[in-house]
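Hi everyone, thanks for coming. Let me put the sequence and the model up on the screen, and then I'll walk you through a few features.

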Amino acid sequence: MNREELKAAIKDAYEQAYHEGFADACDAITLSLTEYVTSVVTKLKERTQEAKAEVIEDMEGLCD
């Protein structure tokens with residue numbers, strides 16, 4: 001393998017590793033954001049159910 005072939009091989013390996021690393025980072029960010037958004041939505045659903053229960057209790061109190 002001559003010098004030019006060696007340089008080309010190193011460059012190709014670097015570009016492949018860089019691309020794969022970037023893809024892995026994007027996957028990790030996507031997973032993290034998905035988990036965070038799911039957590040926020042779950043908390044909002046819980047708070048909505050609590051508020052709904054309070055409104056129903058207040059409405060029942062008005063009907064007594």
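Let me start with a definition: buried means under 20% relative accessible area, exposed over 50%, and partly exposed in between, with a 1.4 Å probe and protein chains only. By that rule, Y14 is exposed, and so is Y18.

A word on the source: this is a predicted model, where local features need pLDDT of at least 70, side-chain atom pairs count only at pLDDT 80 or more, and totals for chains, interfaces and linings use all residues. Residues are numbered from 1 along each chain as its sequence is written, and side-chain values use heavy atoms, leaving out hydrogens and water.

Now, the helix. V37 lies in helix α1, residues 3-63, where a helix is a DSSP run of H or I, at least four residues, numbered from the N terminus. With 61 residues at 1.5 Å each, α1 should span 90 Å, and its end C-alpha atoms are 90 Å apart, so the two agree; the expected span is 1.5 Å times one less than the number of residues.

Back to our tyrosines. Searching the whole structure turns up one aromatic pair. Y14 and Y18 form that pair, stacked, at 6.3 Å centre to centre and 20° between the planes; ring centres must lie within 6.5 Å, and planes under 30 degrees apart count as stacked. Both sit in α1, four residues apart, about one turn of the helix.

Finally, how exposed is V37? Its relative accessibility is 48%, so V37 counts as partly exposed. V40, also in α1, is partly exposed too, because its value is 32%.

Conventions:
Helix = DSSP H or I, 4+ residues; strand = E, 2+ residues; numbered from the N terminus. Phe/Tyr/Trp six-rings, centres within 6.5 Å; stacked < 30°, edge-to-face > 60°.
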